[in-house]
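Please find below some notes on the model, kept to a few local features. They are meant to be read beside the coordinates.

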Amino acid sequence: MGTRRQDQLISLLLKEQGWITGASLADSLGVTPRSVRSYISQINARAGAEETHDAGEGAPAVESGPEGYRADPRRLSRLRPARSESSPDARARALIRELLEAASGVDLTRTAERLHLSEATVEADLQRARTMMLGRDLTLDRFGSRAMLSGSEAAQRRLISSLVHEEMEQESFDVDSMRRAAALRTVDGAALGPFARELAEQLRGLGFYVNEFASADVALHAAIAADRAARGRPLEPSAADGRPPAAASPPDEDRARITAMLGELSTRHFSLRLTPADLDHLASLALTRVVAPGGTRPVQADPQVESVVAAAVARAAHDYMVGLDDPGFVRRLSLHVQNLMLRAEQHAWSRNPMTQSLKSAYPMVFEIAVALASDISQRLGVPLPDDEIGYLAMHVGGRLEATRWADTALTATIVSPGYYELHELLRSRIDDTLGASVEVVRMETGVDPDWSSFDTDLILSTVPPPMPDERIVTLAPFLTQSDVDRITAAAARVRRTRRLARLRQKLERYFSEDAFFRPLEASDEENAIRLLGEPLVERGVIDASYIEASVAREAMSSTAFTEALAVPHAMEMTATTTAISIGIAEGGLPWGGQRVQAIALVAFSEAERDAFQTVFEQLVEVFGERKSLQRIIRRSRDFSSFVEAVAQALE
């Protein structure tokens, strides 16, 4: 196994901000805590062997303590595993690159000799490469020992872009990673960053809203275009057919400006004058990926698209009881979907590096985005990958953010016996500093306040209370930054306590002993969903169609909202009553590219539609917190101890 487990452990440790227990690391790796201790020792030995004159030499790269393990990011990052060039997928991508470069094809026998591989291994790599190219309008032909790739230049460039993004999946999304993955031969990859920055700045200057992630992607395509054109492979004029339909196009002068801008940037940064077909194609990419109309340019979406989006938004607003029905929001989302349809036609999806963090931090927002994506996909016939759903979630989150803050506003009483109008000054400072998150509804300036009469969420007092109370924050007469920090912390504590109290009331009704599995012996996601659904079907809570709908929902976008928890469910609330089936996977279960330890199949009923948001989002919050989940797992040997552990976690 070599250092593979150590490399996986290094990646896990570098993701953590602080301490992480050995049990958590063991569960993530599917090994024992004893093995983790062994790997840590080996990692520290490797770090020590590689350091020769580090000022911090002598301290371990991974520190051990009562709370588990903690990485020294500066030192441990030196051991970060490099992308393997010898894995089957890496070899298949390398073979595809050879095929893209060689107009006369690739001799597989010579390739095997050059790489010191057997011909059977290279044949297997060729089959893997063929699978990677499915649905890309390209043909891989075989003539004896020679393989040849044929297809339009536009399709070949899309394949190159796809290979870059696939190689970046395990890396951070930044221009340096993109430059390494692109393996440009005739273009200076260091120019990608300046190109992307200037493109975004100039587009904003034209009055467009700009997607910064996509501007880097357009810079990549421009570099690929320059690299291919420099080697005699310009884009065919007929390939520049990805322009937006007339109903969604900006004025012609704006398109001309964007085309001219891209030509100037390409000449200056890549030292090559691109053809009109290349520039027109890049302008289409910019218009379908990077920009959205700003406030000064009233572009209209296609009426059919806007009608579908408006209907999907109305259904989501009703089903999830959220305020999405807004003409401006529908218009912006319709324009986004229209551009998305064009990306689908070109097989040119936009990568969204924030997709997983959106799932973890805002599971409810992401769930609404999945519902919108499902509706839109079915009605417009457009498949939507996870990254595109992530962009829909960003639209939804932006619309709901004001509502989310309004719902979390807390009331406060100020207790400030004092001199002249110090209490008014204190109130003014609190209003200015904390804004709408804390609303002062009562002022008490007497020297002997009736503390028992205060029924607000917080009590902000300049005098010590006679009895401790977690709602009370003692302040200085003149508000300091330390006071503001303590008020903010107290407000967060109150909000969390309130949320968990509501959740506890509901969860205790939804669990049952017949729907608790430890261990959950499942082979994959679908198998787990079916096992967890069986007791609910037997009780008549759901029928077989709910399980099939849950499997279909999982196929659309993974419900592994955190690194340890998956929450499979159907999008239709067809259960007779709300219920949750829980499974604990000993050693973890591979799920949507991650490894989860707890799986909660949730069945919601239409009658309890109002419970969906509370239960769904806060279930992810409680079970998705690593320390909380580990405590629950350690203590949950059977159903009764599981319920008790959940109750303690919620307290």
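This is a predicted model: local features need pLDDT of at least 70, side-chain atom pairs count only at pLDDT 80 or more; totals for chains, interfaces and linings use all residues.

1. Helix α14 spans residues 303-320, 18 residues in total. From its first C-alpha to its last it reaches 25 Å, close to the 26 Å expected at 1.5 Å a residue.

2. The buried residues of α14 are Val-305, Val-308, Val-309, Ala-312, Val-313, Ala-316, Ala-317 and Tyr-320. Viewed down the helix axis, they fall within an arc of 165 degrees, so they line one face of α14. Their packing partners are α15 (327-345), α17 (363-380) and α23 (611-624). Pro-303 and Gln-304, on the other side of α14, are exposed.

3. Both ends of α14 deserve a look. Just after the helix, Met-321 has a positive phi of about 55 degrees.

4. Is Thr-562 buried or exposed? Its relative accessibility is 7%, below the 20% cut-off, so Thr-562 counts as buried. Thr-562 sits in the loop between α22 (544-556) and β13 (565-566). A polar atom of the Thr-562 side chain lies 3.1 Å from the backbone nitrogen of Leu-565. Leaving aside residues up to four places away in sequence, Thr-562 touches Gln-356, Ser-360, Gln-594, Val-596, Val-620 and Gly-624.

5. The structure contains 24 salt bridges. One of them joins Arg-70 and Glu-63, whose closest N and O atoms are 3.0 Å apart. Arg-70 counts as partly exposed, at 32% relative accessibility, and Glu-63 also counts as partly exposed, at 33%.

6. Arg-91 and Asp-125 form a salt bridge through their side chains, at 2.8 Å from N to O. Arg-91 belongs to helix α5 (residues 88-101) and Asp-125 to helix α7 (residues 119-132), so the pair ties together parts that are 34 residues apart in sequence. Both residues of this pair, Arg-91 and Asp-125, are buried.

7. A further salt bridge links Arg-157 with Glu-153, the closest N and O atoms being 3.0 Å apart. The two residues are four apart in helix α8 (residues 153-167), so about one helical turn separates Arg-157 from Glu-153. Arg-157 and Glu-153 are both buried. Through salt bridges that share partners, Glu-153, Arg-157, Arg-228 and Asp-278 are joined into one network.

Conventions
Residues are numbered from 1 along each chain as its sequence is written. Side-chain values use heavy atoms; hydrogens and water are left out. The expected span of a helix is 1.5 Å times one less than its number of residues. Buried means under 20% relative accessible area, exposed over 50%, partly exposed in between (1.4 Å probe, protein chains only). The arc is that of the directions from the helix axis to the C-beta atoms. Contact means heavy atoms within 4.5 Å. A polar contact is a pair of N or O atoms within 3.5 Å; within protein, one must be able to donate a hydrogen and the other to accept it, and residues adjacent in sequence count only if both atoms are side-chain atoms. A salt bridge is a side-chain nitrogen of Lys or Arg within 4 Å of a carboxyl oxygen of Asp or Glu.
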